[in-house]
Amino acid sequence: MRHLHAPPAAPATGLVLTGGGARAAYQVGILQAIADLRLEHGGRHAPNPFPILTGTSAGAINAAALACAADDFDHGVRRIVHVWSRFEAQQVYHADAIHMLRSGARWLTLMSLGWMLARWRYTRPRSLLDNAPLGRLLREMVPLERLPGLFQDGHLRALAVTASSYSSGEHITFFDAHEDFQPWVRSQRRALRARITHAHLLASSAIPFIFPAQAVDIEGHREYFGDGSMRQTAPIAPAIHLGAERLLVVGAGRQADTVNGAPARARPPPLPRSAAHYPALGQIAGHALSSIFLDALPVDVERLLRINTTLSLIPQAALQDSPLRPIQLLFISPSEPLDDIAARHLARLPATVRALLSTLGIDTSAAGGRAGARDAALASYLLFEHGYTRELIALGRADALARQAELCEFFGWHGGPPAAQGSGAGGLAGA
């Protein structure tokens, strides 16, 4: 009797999705292209390509939605594309005049008259915007009740979402998994095993000052959490702790040159321009949010590449006794500045939101110009309007298809015709 050797198991693949509010639509385009490549290059019968999913902020929502469809990746991608390509701001936060008066206007009034009103507790607003509609959307978009069965049936290995505690100051990754992973502890960040709920997703995506903090019960007490991008020094780490041996990392930040999917030498900074005016409060806020959401990921990717290089210099015999292991990495980030794209869509924001932003010094009438691009940084996180999100989806799809050879090699998919624009599981035709 001839002995048949089973083919080697594919390395555990993790997907890392970062935050960025409405900018996370770019991630959806990447997923759309991967679904098409999977069908067209021989992977249609392959299992879920991402058994390990980690995310932060809006990336946590996308990761959780994908996890809930781990038994039908193509269908899951289609559902995510359907939501993001039809977005309106009212699906995420209240934009009508009454709610804006209750939240944003009260917040701005307190800033100017707080010394007179501080004694009345009811005047203390919780955030600039009220994201109650997002909770309703999550219950439709992310059926978390499916997760236990998907873990049990082997379609999913782990899901992790990260949030930052206003109560303790800790950066906490909540994870659920079928295997017995041990929580990890690092300086000012740690992991907790938990049944992921919509409260965790709302906590992870609570953009500071913009959306209210979310209460989450942990270890027998309640803490209030905000966006997981705050104080996030190692966004890739959770996927590695959960067993990922190769990683697809999708950024939604600044345009970057890449070599084999990794950050290369940074672009030279643009020549300084004389500032005609003092920066508006909205510009400062946009700059601060960009620092929170966009700066940690490239640094962590570079750190991982340095570790990989170091490990390649160590003899294999010596590595056998070490917990360290090289991680295969593919990093994709936007090929165009997303702030510039947002500048073309500022007028699509609800009139009440544009009025609120104008009080922060943001000129929403300068769409498409240089001033519009500067003003668009803050708005780019709030532009949950389908004109903007569709353009980001198209950009993500185009960026992924431009690197389809790398993606197919990464997943081990071979054969089949190249993917065509607008075809396949996630096409936007008729959207």
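Let me begin with Ser57, which sits in the loop between β2 (52-56) and α2 (58-67); helices here are DSSP runs of H or I with at least four residues, and strands are runs of E with at least two, numbered from the N terminus. Please keep in mind that this is a predicted model, in which local features need pLDDT of at least 70 and side-chain atom pairs count only at pLDDT 80 or more, while totals for chains, interfaces and linings use all residues. Residues are numbered from 1 along each chain as its sequence is written, and side-chain values use heavy atoms, leaving out hydrogens and water.

UniProt, in an unreviewed entry, places the feature "active site" at Ser57 and Asp227; its positions follow the numbering used here, feature names are shortened, and annotations may be inferred rather than shown by experiment.

Asp227 belongs to strand β8 (residues 221-227). Are these residues buried or exposed? Ser57 counts as buried at 1% relative accessibility, and Asp227 is buried too, at 0%, where buried means under 20% relative accessible area, exposed over 50%, and partly exposed in between, with a 1.4 Å probe and protein chains only.

Leaving aside residues up to four places away in sequence, Ser57 touches several residues, including Gly19, Asp227 and Phe293, contact meaning heavy atoms within 4.5 Å. Under that rule, the residues that Asp227 touches include Ser57, Ser164 and Phe293.
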